[in-house]
Amino acid sequence: MRGAAVAAVVLAGFAVSCDSDPATPAAASAASSASASSAPSAPSTPSASSLPGPSEASPGGPSASRGPSSPALPGTAPEKVRDAFAGLQATLDGSCTPAECAYFLGRVYDELHRLDAAMKADPKGPGHFPEPIALVAKLDAELGGDRGFKNLKEHQTLLIGTRDRINTWMQGHPDDYR
């Protein structure tokens, strides 16, 4: 019985240390010391430093969990074109309703750039996807690097048109996404 209690305390300490901020190892050791003297507790909630700050989120829209600024982890294979294209297709039924417009336009932008990155990393090479890559480059030139809601809303027709043209191009190249 005592062995099971020790194992539970060790596992709880490990769980707490995995959830703690790596910049504060003292917090992890203090948490595991505290758990050794009391019953195991549930894992802690994320610290404020691990949550995205206002500078990381786009104005009026969600912060992207993936996209051009978040490359694949080192040692992992790049995303497949078919997977990125599925994400873009998931935006086809969406629309810019007043309650969801910022999210929707940000999502279309993110999915276009996710597909662009997958095409550029594809083993066939970026030359295999000339039109979609050129369409995203044209969109980026028009947006001038500003993915804020106000700018996306101003360029909504171009953004949605780019998505639709790339979708049509991909439909004509089924070997690239099946």
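A pocket is an open set of grid points with protein on both sides within 12 Å along at least five of seven lines. Rolling a probe the size of a water molecule over the atoms shows where empty space is left. In this predicted model, the second largest pocket holds about 180 Å³ of space. Its lining is made up of 15 residues. Those closest to the pocket centre are Lys80, Val81, Arg82, Asp122 and Asp176. Two helices, helix 3 (81-89) and helix 4, each supply at least two residues of this lining.

The overall fold comes next. The protein chain has seven helices and zero strands. Its pattern along the sequence is α-α-α-α-α-α-α. The chain has 178 residues, and buried residues make up 31% of them. Its accessible surface comes to about 10700 Å². Carbon and sulfur atoms account for 61% of that surface. Among contacts with a separation of 6 or more, 71% link residues 24 or more positions apart.

The average pLDDT of the protein chain is 73, and 58% of the residues score at least 70. Over residues 9-70, pLDDT stays under 50. For this stretch the model has 33 contacts beyond four places in sequence. Where pLDDT is low, the predicted coordinates should not be read in detail.

Helix 4 covers residues 101-121. The expected span is 1.5 Å times one less than the number of residues. Helix 4 has 21 residues, so it should span 30 Å. The C-alpha atoms at its ends are 30 Å apart, which agrees with that expectation. Helix 4 is also mostly covered, with 16 of its 21 residues buried.

The relative accessible area of leucine 152 is 2%. Buried means under 20%, so leucine 152 counts as buried. Beyond its neighbours within four places in sequence, leucine 152 is in contact with Leu105, Gly106, Tyr109, Leu143, Arg147 and Leu159. Glycine 106 and leucine 152 are 46 residues apart along the chain. Their C-alpha atoms are separated by 7.6 Å.

Key: Residues numbered from 1 in each chain as written. Predicted model: local features only at pLDDT ≥ 70, side-chain atom pairs only at ≥ 80, totals over all residues. Heavy atoms only, no water. Helix = DSSP H or I, 4+ residues; strand = E, 2+ residues; numbered from the N terminus. Buried < 20%, exposed > 50% of the residue type's maximum accessible area, 1.4 Å probe, protein only. Contact = heavy atoms within 4.5 Å. Areas by Shrake-Rupley, 256 points an atom, 1.4 Å probe, with all protein chains shown as cover. pLDDT = per-residue confidence, 0-100. 1 Å grid on protein atoms, 1.4 Å probe; cavity = no way out; pocket = protein on both sides within 12 Å on 5 of 7 lines; lining within 4 Å. Points joined across faces, edges and corners; volume = space filled by probe spheres on them.
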